[in-house]
Structures are given as C-alpha cells and as structure tokens.
Amino acid sequence: MFHLDVQQITKRYHPAPTPAVSDASFHLDSGEIFGLVGPSGCGKTTTLRIIAGFEHPDSGDILLDGVSIRDLPPERRKIGFVFQDYALFPNRSVIGNVVFGLRGVDRRNRRRRAEELLELVGLEGEAERMPHELSGGQQQRVALARTLASNPELILLDEPFSNLDAALRETTRRDIRTLLKCADVSAILVTHDQEEALSFCDSVGVMHAGALEQVGRPEEIYLRPETSFVAQFLGRANLLRGTARGSVADTELGTIPIFPDSEGPVLLSLRPEHLGLSPLDSPEGGPGGEVISREFRGHDVTFRVRYGRIDYLAHTEYTGALTVGSRVSIYPREPAVVLRETGLCRRALPSTAHSARWAQLLQARAT
Ligand code: ATP
C-alpha cells in the first residue's frame with residue numbers, strides 16, 4: 001500500500017542566510033491529498049521539487065513505501081507533475097497530448113487507453129480539438145489525464161488552479177478532487193490560497209519561512225491552530241492575552257473557557273464566528289464595547305467592536321438590531337485556543353519577565 005514519508009528535509013540555496021526549507025516532515029497515505037499552504041517564498045515549491053527529484057535536499061530523506069528515493073532521478077520515482085500553466089503541447093490535439101503520456105504502453109493500446117483517460121476526466125467529446133480551443137479548466141483536465149497516463153503513485157500539483165478565474169477555479173477544483181479520488185491516486189497540492197487547501201485536501205501543512213508550523217486535518221488546523229501565524233494565515237482571528245487557570249483564562253473579555261487546559265500567561269485565538277454579541281441594556285451600563293463598523297455579507301454580518309484598547313471581529317448571523325455605534329457585550333461561543341509562542345506557552349511563566357514580549361505581541365497584532 002502506497003505511503004510517502006518526508007523526513008526532516010532541509011534545503012538551502014547559497015548564499016541565502018536561511019534555508020528555503022527547514023526540517024520539514026510529513027506523511028501521506030494511499031489515496032490521500034496533502035496540501036502545502038503558505039505565503040509566497042515560504043518554501044512550498046522547493047519542497048515539491050525535492051519530492052519530484054528536481055532538487056536534492058541538503059539533509060533529510062524521502063521514503064516511498066518505506067524505501068528511500070532521495071538519490072533516484074525524477075524519471076524513476078513514479079511521480080507525476082501538474083503545473084500551473086498546464087504545459088500542454090500546443091501543436092498536438094487533446095488525445096495527442098494524452099497519448100504522449102503513454103509512451104511506455106504498447107503502441108496498439110495507446111489510443112484506447114487515452115480515450116479511457118479522457119472519459120475519466122470528462123473530455124471524451126474533445127479528443128480531436130487543439131488545446132487553445134479549450135477553457136483553462138478543460139486544459140487542466142487534459143494535463144491531469146496526461147499525468148495519470150504514466151500511472152504515477154503520486155501526483156504533485158503546483159498551483160494548478162491559479163490561472164483560472166474564480167468561478168472556473170471552484171468547479172475545476174471540485175472536478176479534479178473527484179477525479180483523483182476516483183483514480184485513487186495520492187497527491188500533494190501546493191497553494192498560497194488557504195481556502196483552496198482547506199477544501200481540496202485531506203490534510204494540510206502550513207509553511208512559514210521554510211518550516212512546517214502545523215500539519216493536520218483541515219478542521220483541526222482551522223479550529224485548533226497552534227501558533228498565531230497559523231491562526232491568522234488560515235482566516236481571521238482575534239488574538240488576546242490572558243492568565244490561564246486550568247480550563248479557563250482571565251482576559252479582557254472576562255473569564256472565558258480555553259483549550260487545552262493551561263496555567264499562567266497565555267496568548268489566545270478566537271475566530272470571529274466563535275464570538276457572540278449582545279446589546280447592552282443601558283448605554284452606560286457594564287463593561288462593553290462599541291460597534292465601529294459593520295460589513296453586511298448577505299446571510300451574515302461581520303462586526304468590528306472596539307473593546308478597551310482592542311478591536312475584535314465578530315461574525316454573526318444577520319441581525320438588524322446592531323448598528324454602528326451600538327454598545328455591546330462580547331462573549332465566546334467556543335473555547336479560545338491557547339497558542340504556542342516562543343517563551344510563552346501552555347505552562348505557568350513569571351509574569352514580569354514577559355511583559356515586554358506581551359507588549360511586542362500586542363503591538364504586532366494591532367498593526
Ligand atoms: P511562491 O508561492 O511565490 O512560489 P514558494 O513558497 O513556493 O513561493 P519557493 O519557490 O520554494 O517558495 O522559494 C523559497 C525560497 O527559496 C525563496 O526565498 C526563493 O527566493 C528561494 N529560491 C527558490 N528557488 C531558488 C533557486 N533556484 N535559487 C536560489 N533561491 C531560490
């Protein structure tokens with residue numbers, strides 16, 4: 001049964017002072033789609049190129065079915081590649097492009113096999129057309145059929161949807177995910193688009209400055225980010241500080257539930273959709289905040305609420321009751337997630353030693 005283990009790979013391009021990829025490890029099982037997501041320059045493509053064999057790591061190993069492929073040339077790795085720009089031959093028909101991927105197959109069977117692959121990707125009626133006569137999404141499906149033709153155990157997809165417009169991107173993404181699942185082929189997708197990674201992949205690694213900060217199932221990394229970078233890269237996040245006492249923390253929003261249990265100073269993350277708002281009874285009464293902006297998005301609304309010195313984002317179902325200037329109280333609907341930060345984590349720390357670090361963190365959040 002296919003499985004891929006990427007073990008602590010590091011790659012530095014001289015004379016860059018820091019590695020492009022640093023100590024990256026992850027595991028991929030048969031038929032699984034893994035996403036590498038992160039901002040531009042964080043090392044995603046370099047990781048993919050190392051797996052494909054176009055780059056050699058300085059250290060670390062890559063095991064396919066338990067056997068090292070680190071020193072194998074790309075053509076002996078049984079790995080297919082789908083590029084951002086489709087890389088189809090412009091002067092070959094659709095079927096001609098797919099036949100090209102079948103060079104190892106008996107010549108007499110190539111046409112039939114190519115037709116089967118075109119049927120798989122839903123392009124059986126387009127065999128004789130030329131690539132320029134197809135939409136971007138169709139061209140990407142031809143590219144996938146050509147890659148599948150070589151019977152790879154793993155397909156690497158480098159930003160394959162980024163040349164498509166928003167509507168086509170969504171349908172192509174859905175189609176290609178279904179096709180990969182039908183073909184039961186494992187894949188690694190590189191993307192800078194967090195929504196794409198969360199919806200397309202079975203598990204996701206979030207890269208930051210060459211390192212994989214967190215690897216997990218989409219729900220897990222979205223709902224339980226481990227660092228402020230992951231929390232903020234995957235969506236909007238409210239960061240707040242507090243002092244943890246087991247399953248709760250004392251914060252500016254009051255004593256709120258947290259996950260996991262912790263002690264001492266903590267940095268917490270709360271997604272806007274996990275914050276609730278309720279109107280304050282009297283304009284002066286109780287601790288509360290003020291709605292300073294309101295973004296109506298049809299079925300829901302995002303409010304920005306100034307509470308003390310800090311602005312919080314709260315994403316709620318549509319309610320006409322709250323408008324700019326309304327006084328509100330904020331309450332968490334889910335436990336706040338305790339983040340891992342250098343020197344500040346899930347155990348008690350002497351508060352005075354960290355006040356400067358807190359100031360830095362709050363400053364960074366405010367900008
Ligand atoms: P993007 O999303 O913009 O494609 P990425 O996350 O895929 O970025 P990489 O292309 O892996 O990032 O690049 C990581 C770092 O390595 C960057 O600082 C980049 O400039 C550097 N780099 C990549 N390829 C080379 C190379 N061949 N020679 C020198 N430096 C390189």
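V204 counts as buried because its relative accessibility is 0%, and the cut-off for buried is under 20%. This is a predicted model. V204 sits in strand β9, which covers residues 203-208.

**The chain as a whole**

The protein chain has 367 residues, and 50% of them count as buried. V204 belongs to that buried group. The secondary structure comes to nine helices and 18 strands. Along the principal axes, the C-alpha atoms fill a box of roughly 85 × 50 × 35 Å.

**A five-stranded sheet**

Five strands form an open sheet. Their order is β13-β17-β14-β15-β16, and the pairing is antiparallel. Which strands stand at the edges? They are β13, residues 275-279, and β16, residues 310-317. Each of these edge strands pairs on one side only. Neighbouring strands of the sheet are turned by 40° against each other on average, direction ignored.

Strands of a sheet pair through backbone hydrogen bonds, either parallel or antiparallel. Inside this sheet, β14 and β15 run antiparallel. Strand β14 spans residues 289-296, and strand β15 spans residues 300-307. How many bridges join β14 to β15? There are six. Across from F296 stands V301, a residue of β15.

**Around the ligand**

Which parts of S40, G43 and T45 face an oxygen atom of the ligand, and at what distance? The table gives the three pairs.

| Residue | Protein atom | Distance to a ligand oxygen atom |
|---|---|---|
| S40 | N or O atom in the side chain | 2.6 Å |
| T45 | polar side-chain atom | 2.8 Å |
| G43 | polar backbone atom | 3.1 Å |

S40 and T45 each take part through a side-chain atom. G43 takes part through its backbone. How much of the ligand does the protein cover? On its own, the ligand has 630 Å² of accessible area, and the protein covers 54% of that.

Definitions and conventions. Residues numbered from 1 in each chain as written. Predicted model: local features only at pLDDT ≥ 70, side-chain atom pairs only at ≥ 80, totals over all residues. Heavy atoms only, no water. Polar contact = N/O pair within 3.5 Å; in protein donor to acceptor, adjacent residues only side chain to side chain. Areas by Shrake-Rupley, 256 points an atom, 1.4 Å probe, with all protein chains shown as cover. Pairing = 2+ DSSP bridges. Helix = DSSP H or I, 4+ residues; strand = E, 2+ residues; numbered from the N terminus. Axes fitted to C-alpha atoms, helices over the stretch in contact; angles between N-to-C directions. Buried < 20%, exposed > 50% of the residue type's maximum accessible area, 1.4 Å probe, protein only.
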